[in-house]
Amino acid sequence: MRGEWSVVVAGFTTLVFLCFLLQGLALVLGRVHRLSPGGTAEGKAFALLKQWLSPVQLAQYENNGCFEVTGCHSGKRYRIRRARQMNIDELDEAGARSAAWCFGPEGNLPIGDLMLAPKISLENDERTALAVANRGFGNEGPSRTPERYWTRVS
Amino acid sequence: MAKQFVMNATGDTRYQFDPTDAAAVAKASTRFKELIGVGYTAAVRRGAGASELIRDFDPSAEETVFFPRLRGG
């Protein structure tokens, strides 16, 4: 009787150990999958973004996490940064931020998509894009985005 | 193979079709119309960094990206 009980305990212990082992393995595999290029929503979105950037924009993005586009109607330059909100800077002739714009596609999209859609829109239909956008302050006033961010990407 | 990328929370959903396959082209055209109908914008890649917005299905387009209606953030 005592021997049988020992077997049950040993079996149960082994089972618990295997459960922990499998759970750990699943966590590791999940982390590897999330870190792999294209394995996540953000990974896919950034990969798509890079395919649609010009060589100059891609170099800007790789070096600074942002890139510049030219508005098709006004000829103004805009800088699109890697952020979810207020991620579009209108630039003056000296390249300084003169205004901040915020617009993007509806839905909970990854940041790469939130950068690609404004690029396409500003380069092809600037007026329509800005018509729905919210405009923030430029250099003349406070920004809704921490100032340290502006200095980091500039 | 032509590709259609539909932006969504997973990054995008990708569809491929053979431009020489009439049935596949018809299916891609239907998808295009449905997406445009619910407010998506379609853009075709025209070269390195260049794109063009389109309102009508272009069976010769190699890559078309669809993004949901724009709104102020």
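Which residue caps the N-terminal end of H1(B)? In this predicted model, the cap is Asp21(B), whose side-chain oxygen lies 3.0 Å from the backbone nitrogen of Ala23(B).

**Helix H1 of chain B**

- H1(B) comprises 16 residues and reaches 22 Å from its first C-alpha to its last, which is close to the 22 Å expected at 1.5 Å a residue.
- The buried residues of the helix are Ala24(B), Val25(B), Ala28(B), Ser29(B), Arg31(B), Phe32(B), Leu35(B) and Ile36(B). Because these residues cover an arc of only 160° around the axis, they fall on the same side of H1(B).
- The cover over the buried residues of H1(B) includes strand S1 (2-8), strand S2 (11-17), strand S3 (41-47), strand S4 (50-54) and S5 of chain B.
- On the face turned away from the buried side, H1(B) carries the exposed residues Ala22(B), Ala23(B), Lys27(B), Lys33(B), Glu34(B) and Gly37(B).
- After the helix comes Gly39(B), which has a positive phi, near 105°.

**Aromatic residues of chain B**

- Over all chains, the structure holds four aromatic pairs. In the pair formed by Phe32(B) and Phe66(B), the ring centres are 5.5 Å apart and the planes stand at 70°, so the arrangement is edge-to-face.
- Since Phe32(B) belongs to helix H1 (residues 22-37) and Phe66(B) to strand S5 (residues 63-67) of chain B, the pair ties together parts that are 34 residues apart in sequence.
- Both partners are buried: Phe32(B) has a relative accessible area of 2%, and Phe66(B) has a relative accessibility of 0%.
- Phe32(B) and Phe66(B) also belong, together with Phe17(B) and Phe57(B), to one aromatic cluster.
- Arg31(B), which is among the buried residues of H1(B), places its charged end over the ring of Tyr15(B), 3.8 Å from the centre of that ring.

**Chain A as a whole**

- The secondary structure of chain A comes to six helices and five strands, which follow the pattern α-α-α-β-β-β-β-α-α-β-α when read along the sequence.
- Of the 154 residues in chain A, 37% count as buried. Among the contacts in this chain between residues at least 6 apart in sequence, 53% join residues at least 24 apart.

**Lys119(A) and its surroundings**

- Lys119(A) is found in helix H4 (residues 111-124) of chain A and, with a relative accessibility of 0%, counts as buried.
- A polar atom of the Lys119(A) side chain lies 2.9 Å from the backbone oxygen of Gly49(B).
- Not counting residues up to four places away in sequence, Lys119(A) touches Trp52(A), Leu53(A), Gln57(A), Phe67(A), Val69(A) and Ile80(A) in chain A, as well as Gly49(B) in chain B.

**Ala133(A) and its surroundings**

- Ala133(A) lies in the loop between helix H5 (126-132) and strand S5 (134-136) of chain A, and its relative accessibility of 13% places it among the residues that count as buried.
- Although Ala133(A) and Trp101(A) are 32 residues apart along the chain, their C-alpha atoms are separated by 6.3 Å.
- Leaving aside neighbours within four places in sequence, Ala133(A) is in contact with Trp101(A), Cys102(A) and Phe103(A) of chain A and with Gly72(B) of chain B.

Note on methods:
Residues are numbered from 1 along each chain as its sequence is written. Chains are lettered from A and ligands numbered from 1 in the order in which they are written. This is a predicted model: local features need pLDDT of at least 70, side-chain atom pairs count only at pLDDT 80 or more; totals for chains, interfaces and linings use all residues. Side-chain values use heavy atoms; hydrogens and water are left out. Rings of Phe, Tyr and Trp (its six-membered ring) pair if their centres lie within 6.5 Å; planes under 30 degrees apart count as stacked, over 60 as edge-to-face and the rest as tilted. Helices (H or I, at least four residues) and strands (E, at least two) are DSSP runs, numbered from the N terminus. Buried means under 20% relative accessible area, exposed over 50%, partly exposed in between (1.4 Å probe, protein chains only). A charge sits over a ring if NZ of Lys or CZ of Arg is within 6 Å of the ring centre and within 35 degrees of the ring normal. Contact means heavy atoms within 4.5 Å. The expected span of a helix is 1.5 Å times one less than its number of residues. The arc is that of the directions from the helix axis to the C-beta atoms. A polar contact is a pair of N or O atoms within 3.5 Å; within protein, one must be able to donate a hydrogen and the other to accept it, and residues adjacent in sequence count only if both atoms are side-chain atoms.
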